[in-house]
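Thanks for asking me to look this over with you. Here are some points to follow with the structure open beside the text.

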Amino acid sequence: MPEDDLESLPGVGPATADKLTDAGFESYQAIAVASPSELSNTADVGESTSSDIINAAREAADIGGFETGSAVLERREQIGKLSWGISEVDDLLGGGLETQSITEVYGEFGAGKSQVTHQMAVNVQLPPEHGGLGGSCIFVDSEDTFRPERIDDMVRGLDDEIIQATMDEREIEGSPDDEAAMEELLNDFLDKIHVAKAFNSNHQILLAEKAKELARDHEEDEFPVRLLCVDSLTAHFRAEYVGRGQLAERQQKLNKHLHDLMRIGDLYNTAVLVTNQVASNPDSYFGDPTQPIGGNILGHTSTFRIYLRKSKGDKRIVRLVDAPNLADGEAVMRVQDGGLKPE
């Protein structure tokens, strides 16, 4: 949206418009979903003025009111589904990862959480007819887990038909048997994964704001941002806020961070995939004592919760724990050199 459009809002002059634009509030919709305090801190105006600006933006963007169920259904038809490349898992998830939603994957170490994020970073770039979203990926790495070599393995592990279709779409001459063409394809995949390492929780929260700017900048590109991965969401928060005395502060920061991620998904039709660590409940005498950390804040904010657990060999059990419109259930997949594969 042109910057001078913002100046039509009450209390927004050229200087305020510049501050809003620099902070990523360059559309009526982005302003409409902001809080008065957030806008006040960003644009250096009073909260009452911020409220007036937000209310005017809501009217201009025509959001914030009620709508019919039919209108909601029509809007949901714009939501994309990102395939895992495993039909059993896709069936469990109603077609795959949803855009405009947060999907949480939790499990103990070695369960395959980072394997899922890497595989989705590859799959999101595939043509829609092959389960992808034809988009790029943002990868926030808080545990030093991202490995470009693993992306190489997973691209090479795709079916030859999918590799050829992707080469044709990207105008890469050659075939899956042509090593030079495969190297060009691999570099093209890596160029569409934007990686940032988070050094602490505050840096991680800042990177979410940078991710929104990146999604905005690529919105009109041939490969818009369609996936945001955070691996892992909770590692820094868990390490920095220790003990019950700091629990409330940790949960407040985590809650704001999650809503920042959710806003990216809503504004740019992006699937948000976060991994989560677990803890073992020593008081549990029956059933699985493994519980995700993050408490009710994370449980309520995640649209889909998936529990990964180890099985024999390279098998992993994918359990859908919570979803608004799907029944709980399980599927089986394998973690192999070529990526995630069906049983």
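1. By class, the residues that line the largest cavity are 3 nonpolar, 2 polar and 2 charged. Please keep in mind throughout that this is a predicted model.

2. Which residues make up that lining? They are T234, F237, R238, R250, L254, I293 and G294. Two helices, α12 (235-240) and α13 (247-268), are the elements that give two or more residues to this lining. The volume of the largest cavity is about 30 Å³, and a search of the whole structure for cavities of 30 Å³ or more turns up 1.

3. Next, have a look at the second largest pocket, which holds about 400 Å³ of space. Its lining consists of 17 residues, and those nearest the centre of the pocket are L247, R250, I293, G294 and G295. R250, I293 and G294 are also among the residues that line the largest cavity. At least two lining residues of the pocket come from each of α13, β9 (290-292) and α14 (295-301). Sorted by class, the pocket lining has 6 nonpolar, 7 polar and 4 charged residues.

4. Now for the aromatic side chains. How many aromatic pairs are there? The count comes to 2. In one of these, Y106 and Y307 have ring centres 5.1 Å apart and planes at 10°; with an angle under 30 degrees counting as stacked, the pair is therefore stacked.

5. Where do these two tyrosines sit in the chain? Y106 belongs to strand β3 (residues 102-106) and Y307 to strand β10 (residues 304-310), so their pairing ties together parts that are 201 residues apart in sequence. Are they buried or exposed? Y106 counts as buried because its relative accessibility is 6%, and Y307 counts as buried because its value is 9%; the cut-off for buried is under 20%.

6. Leaving out neighbours within four places in sequence, T275 has contacts with V105, K113, T117, V230, D231, S232, L233 and T234. One of these, T234, also lines the largest cavity.

7. Why does E47 count as partly exposed? The reason is its relative accessibility of 47%, a value that falls between the 20% limit for buried and the 50% limit for exposed. Setting aside residues up to four places away in sequence, E47 touches P36, S37 and S40. The C-alpha atoms of E47 and S37 are separated by 6.1 Å, with the two residues 10 apart along the chain.

8. Lastly, a word on the annotation. In an unreviewed entry, UniProt lists residues 78-278 and 283-343 for "domain: RecA family profile". In the model, residues 78-278 are 47% helix and 17% strand, and the C-alpha atoms at the two ends of this span lie 34 Å apart.

Conventions
Residues are numbered from 1 along each chain as its sequence is written. This is a predicted model: local features need pLDDT of at least 70, side-chain atom pairs count only at pLDDT 80 or more; totals for chains, interfaces and linings use all residues. Side-chain values use heavy atoms; hydrogens and water are left out. UniProt positions are given in the numbering used here, feature names are shortened, and annotations may be inferred rather than shown by experiment. Helices (H or I, at least four residues) and strands (E, at least two) are DSSP runs, numbered from the N terminus. On a 1 Å grid over the protein atoms alone, a cavity is a set of points where a 1.4 Å probe fits but cannot get out, and a pocket is an open set with protein on both sides within 12 Å along at least five of seven lines; lining residues have an atom within 4 Å of a point. Grid points are joined across faces, edges and corners, and a volume is the space filled by probe spheres set on the points. Ala, Val, Leu, Ile, Met, Phe, Trp, Tyr, Cys and Pro count as nonpolar, Asp, Glu, Lys and Arg as charged, and the others, Gly among them, as polar. Buried means under 20% relative accessible area, exposed over 50%, partly exposed in between (1.4 Å probe, protein chains only). Contact means heavy atoms within 4.5 Å. Rings of Phe, Tyr and Trp (its six-membered ring) pair if their centres lie within 6.5 Å; planes under 30 degrees apart count as stacked, over 60 as edge-to-face and the rest as tilted.
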